[in-house]
Amino acid sequence: MTRGFVHSPSPTRVVFGAGTVASVAEEVRRLGGSRVLLLARPRHAERVAAALGELVVAQFDGARMHTPVEVTAQALDVLKSAAADCVVAVGGGSTTGLAKALAVRTGVPQVILPTTYAGSEVTPVLGETENGRKTTRRSPDILPETVIYDVDLTLDLPVPTTVTSAVNALAHAVEALYAPEANPVVDAVAVQAIRGIARSLPLVAANPSDVDARSELLESAWLAGTCMTSVSMGLHHKLCHQLGGQFDLPHAETHTVMLPQVMAYKEKEAPEALARVAEALDVPDAASAVYDLVHSLGGPTSLRELGLPESSLDGIEPASVLRAAWAGTRPEGAPDLSALTAQVIGSFDE
Ligand code: NAD
């Protein structure tokens, strides 16, 4: 059967490597910027500010998860009063989200230096929260012009955040495989991302300063993020956005709890896509393997652990998925110890 598709590659310029933070001033100038607003948490601000030198005219470190509009308003004041003509953001998805929110309001170009595996830096998607409601929009004006991946910036990411952030990346790739707009490029990229995350995450968890494993994880997270540029995300992302916005749940942790449950649910609707995930993971059943991976690395497996009262879930569908996620029930479908978990435990034993 002929599969019709449209593929429109992203125009974002990507610089990847170790020590690439040194190229940030050149990348800003390349975009015509000469007055930079630097969005950064204190832990990374110094290194990037030093690389930017006199280009920095203002700094803001108040980015918050789910991009609350009131925080954006504060940062916008700083941008305007400093007459900044470029935004440089160094941090996780929260900092990237703030850069996007500023760019879409002012048209200033963005240079993003990611420090987690969230993938937001390569998507034209912005989720913003106002009065407890998260709304998401997609526009070419949101897509960052330049992304600088510097593996050195990820070496200090704590293991618990590494695990949940990597599962957040995994979710992008998994949902890309059953997206209605799927195409051969995205399929190949998604499978490569899944393989890379499954291979590198246990190694990083065992040795967080393993630069090679960190590089593979960062590269895989980039690939997973690029899937979101081309195809829309499905049930898993919709549920996570709803839970995150409504109950202020932490983003990556919520993804980590929800992913195996949604994968088990999707098994009936999209068996071929889930079979490809299982093949990429080299396991018999993808949903239980992801659950086991998270569990073995000490990640959260239930919404209850995230502090959500069970009654909050009343009325949210599909109820079966939400109840299983609240309780942290292991999706059944494979023997208790999948090949993947055995491999992970093995890597800790070494
Ligand atoms: P985050 O940016 O909030 O970071 C999580 C925590 O890790 C923070 O406390 C941060 O300060 C810390 N941190 C980040 N990098 C660090 C490092 N290298 N070392 C030590 N600590 C570090 O969380 P996130 O999961 O990266 O991003 C979540 C946000 O991104 C949410 O608002 C979510 O909606 C958004 N997001 C958007 C998209 C999109 O395409 N629009 C995609 C993914 C995530």
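1. Basis of the note. Residues are numbered from 1 along each chain as its sequence is written. Because the model is predicted, local features need pLDDT of at least 70 and side-chain atom pairs count only at pLDDT 80 or more, whereas totals for chains, interfaces and linings use all residues.

2. Domains. The domain assignment of the protein chain gives domain 1 (13-154) and domain 2 (159-349), such bounds coming from an automatic or database domain assignment. The C-alpha centres of domain 1 and domain 2 are 26 Å apart, and 23 residues of domain 1 are in contact with 26 residues of domain 2, where contact means that C-beta atoms, placed from the backbone, lie within 7 Å. On the side of domain 1 that touches domain 2, the elements giving two or more residues are strand S6 (125-130) and strand S7 (133-138); helices (H or I, at least four residues) and strands (E, at least two) are DSSP runs, numbered from the N terminus. The residues of that side of domain 1 divide into ten nonpolar, ten polar and three charged, with Ala, Val, Leu, Ile, Met, Phe, Trp, Tyr, Cys and Pro counted as nonpolar, Asp, Glu, Lys and Arg as charged, and the others, Gly among them, as polar.

3. The sheet. Six strands in the order S1-S8-S5-S4-S2-S3 form an open sheet with parallel pairing, two strands being paired if DSSP finds at least two bridges between them. Strand S1 (13-17) and strand S3 (56-60) are the edge strands, each pairing on one side only. Direction ignored, neighbouring strands of this sheet are turned by 15° against each other on average. Strand S2 (residues 36-40) pairs with S3 in the parallel sense over four bridges, and Leu38 stands opposite Gln59 in S3. Helix H2 (residues 42-52) lies across S2, S3, strand S4 (86-91) and strand S5 (110-114), and runs at about 160° to S2; axes are lines fitted to C-alpha atoms, for helices over the stretch in contact, and angles run from 0 to 180 degrees between N-to-C directions.

4. Helices H5 and H7. The axes of helix H5 (residues 159-177) and helix H7 (residues 211-230) come within 8 Å and cross at roughly 40°, and the two helices are therefore oblique to each other (angles under 35 degrees count as roughly parallel, over 145 as roughly antiparallel, 65 to 115 as roughly perpendicular and the rest as oblique). Their crossing is left-handed, a term used if the near helix is turned anticlockwise from the far one by less than a right angle, with right-handed used if clockwise. Among the residues that meet are Ala166, Ala169 and Ala173 in H5 and Ala221, Ala224 and Gly225 in H7. By class, this contact of H5 with H7 has ten nonpolar, three polar and no charged residues.

5. Helices H9 and H12. Helix H9 (residues 251-269) packs against helix H12 (residues 319-327) at an angle of about 140°, with the axes 9 Å apart, and the crossing of H9 and H12 is right-handed. Val257, Met258, Gln261, Val262 and Tyr265 of H9 make the contact with Val321, Ala324 and Ala325 of H12, which by class gives seven nonpolar, one polar and no charged residues.

6. Backbone details. Most residues other than glycine have a negative phi, and most peptide bonds are trans. The peptide bond from Glu317 to Pro318 is cis, with omega near -5°, and Pro318 lies in the loop between helix H11 (286-296) and H12. His66, in the loop between S3 and helix H3 (69-81), has a positive phi near 70°.

Conventions. Two residues are in contact if their C-beta atoms, placed from the backbone, lie within 7 Å.
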